Amino acid sequence: EKGGYEHFMLKEIFEQSRSIRDCMRGRIYPNEGIVQLGGIKEYAEKLKNVDRIIIVACGTSWHAGLVAEYLIEEYARIPVEVEYASEFRYRNPIITEKDVVIAISQSGETADTMAAIEMAKERGATIFGVCNVVGSSIPRLTHAGVYTHVGPEIGVASTKAFTGQVTVLTLMAFYMAQQKGTVSHSKLVELLTELDCIPEKIQRALESNEMIEKIAAKFKDSRNCLFLGRGSGFPVALEGALKLKEISYIHAEGYPAAEMKHGPIALIDEEMPVVVIATKNSSYEKVISNIQEVKARKGIVLAIVTEGDTEVRKMADYCIEIPDSSEAFLPLLATIPLQLLSYHIALMRGCNVDQPRNLAKSVTVE
Ligand code: M6R
């Protein structure tokens with residue numbers, strides 16, 4: 001059942017090229033520049049005029065929501081708020097019938113997310129679900145939705161579910177952009193053509209597995225680890241940190257790279273590994289100066305870089321390459337090495353990677 005892999009987590013990490021392909025199947029037409037999402041088709045008109053989108057989720061699904069915030073605002077130009085379901089439900093938030101709420105949940109059973117949906121529904125909002133488990137509770141509570149279709153995820157740590165959620169949310173952002181006309185047809189053709197190649201690029205990113213295992217050996221005895229990123233690299237940093245803490249029990253924090261000097265920089269010394277998303281995109285130069293700040297304090301830098309990078313390589317202690325892509329798809333690629341890194345570190349520390357202590361696959365109590 002583990003398909004020859006030692007653990008479900010590793011199997012699920014390696015499935016991602018295929019699972020992302022499954023998730024996009026029948027939904028994108030790159031040559032025509034069209035995104036089709038049958039699940040929310042009835043709401044196409046509503047999406048044209050929506051003033052605001054609220055995303056509710058927990059854990060990794062909340063990180064996928066943060067990625068969606070960048071994409072929806074960038075491409076569909078709709079303001080987005082991303083909320084922890086557990087906070088949202090108890091805050092008496094302002095919601096009206098004009099709002100669209102997107103609830104993201106792999107299991108479709110998370111108690112706080114369900115309660116947030118119920119509250120928003122009572123106040124008249126339109127609710128979309130982004131779930132993986134077909135027929136689970138959340139898809140039944142929502143007005144419409146889009147399944148991730150990545151197949152069952154057994155490992156407690158979310159891996160292929162996360163990239164599936166990000167893929168669906170990317171499709172939703174493009175779909176909204178298409179409805180609103182905020183992205184030209186030729187740009188959509190270009191974006192979808194590139195998205196269509198992401199599964200192959202994920203496959204390439206997975207080829208670094210052995211190298212990542214060697215790097216993991218250097219980091220395995222760390223007590224803390226900082227993950228930094230900017231733009232949509234920031235939610236990737238949060239997700240990298242969550243993966244590491246939940247399966248290896250190493251304390252880890254994800255931070256927007258620029259926030260480092262407002263506090264966490266005080267933690268940096270020769271024992272502090274700092275994982276930096278330093279791919280070639282709009283924040284590249286800024287991230288390079290953040291790396292210099294870490295190196296000046298003798299921190300150990302592991303950088304996730306674009307294939308062929310030479311600049312960061314001069315400064316970082318270790319580099320892991322991922323294929324080049326537009327910024328829109330960076331989270332899908334940059335997450336892969338971080339999943340592998342936490343997997344190998346956890347394994348070397350003798351942890352139960354598929355069933356970490358104190359954690360359940362779905363959190364059905366608040
Ligand atoms: O099933 P859900 O997506 O609603 O679950 C939300 C979180 O409990 C989940 O993502 C959790 O954070 C994972 N263990 C992270 O790997």
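Where does Y249 lie? Y249 is found in the loop between α12 and β9. The model is predicted: local features require pLDDT of at least 70, side-chain atom pairs count only at pLDDT 80 or more, and totals for chains, interfaces and linings use all residues. Residues are numbered from 1 along each chain as its sequence is written, and side-chain values use heavy atoms, with hydrogens and water left out.

The protein chain holds 15 helices and twelve strands. Helices (H or I, at least four residues) and strands (E, at least two) are DSSP runs, numbered from the N terminus. The radius of gyration of the protein chain is 20 Å, close to the 21 Å that the globule rule gives for 366 residues, so the chain is as compact as a globular protein of that length. This radius is taken over C-alpha atoms, and the globule rule is 2.2 Å times the number of residues to the power 0.38. Along the principal axes, the C-alpha atoms fill a box of roughly 55 × 45 × 45 Å. Of the 366 residues, 60% are buried. Buried means under 20% relative accessible area, exposed over 50%, and partly exposed in between (1.4 Å probe, protein chains only). Contacts are heavy atoms within 4.5 Å. Among contacts with a separation of 6 or more, 76% come from residues 24 or more positions apart.

Strand β8 spans residues 224–229, and five of its six residues are buried. Strands count as paired if DSSP finds at least two bridges between them. β8 pairs with β9 (residues 251–256) in the parallel sense, over six bridges. Within this pairing, F227 stands opposite G254. Helix α12 (residues 233–248) carries the chain from β8 to β9 in a right-handed β-α-β crossover. Right-handed means that, with the strands pointing away from the viewer, the path from the first strand over the helix to the second runs clockwise. β8 also runs parallel to β10 (residues 273–277), joined by three bridges. Here L226 has V274 as its bridge partner.

β10 in turn is joined to β11 by five bridges, again in parallel. V275 stands opposite L302 in β11. A right-handed β-α-β unit is made by β10, helix α13 (residues 284–296) and β11. Six of the seven residues of β11 (residues 300–306) are buried, so this strand is largely enclosed by the rest of the structure. β11 and β12 pair in the parallel sense over five bridges. I304 has I320 in β12 as its bridge partner. In a regular strand the side chains alternate between the two faces of the sheet.

Aromatic pairs were then counted. Rings of Phe, Tyr and Trp (its six-membered ring) pair if their centres lie within 6.5 Å; planes under 30 degrees apart count as stacked, over 60 as edge-to-face and the rest as tilted. The count comes to six aromatic pairs. One of them, Y5 with F14, is stacked, at 5.6 Å centre to centre and 25° between the planes. Y5 is partly exposed, at 32% relative accessible area. F174 and F329 form an edge-to-face pair, because their centres are 6.2 Å apart and their planes stand at 90°. F174 lies in helix α8 (residues 160–180) and F329 in the loop between β12 (318–322) and α15 (330–348), so the pair ties together parts that are 155 residues apart in sequence. F174 is buried at 1% relative accessibility. F329 is buried too, at 0%. Y75, F174 and F329 form one aromatic cluster.

Helix α15 contains S342. This serine is buried, with a relative accessible area of 1%. Beyond its neighbours within four places in sequence, S342 is in contact with M9, K243, L244 and I247.

Y249 is not a glycine, yet its phi is positive, about 65°. Y249 is partly exposed at 26% relative accessibility. R357 lies over the face of Y249, at 3.8 Å from the ring centre. A charge sits over a ring if NZ of Lys or CZ of Arg is within 6 Å of the ring centre and within 35 degrees of the ring normal. N358, also not a glycine, has a positive phi near 65°. N358 is placed in the segment after α15. N358 is exposed, at 78% relative accessibility.
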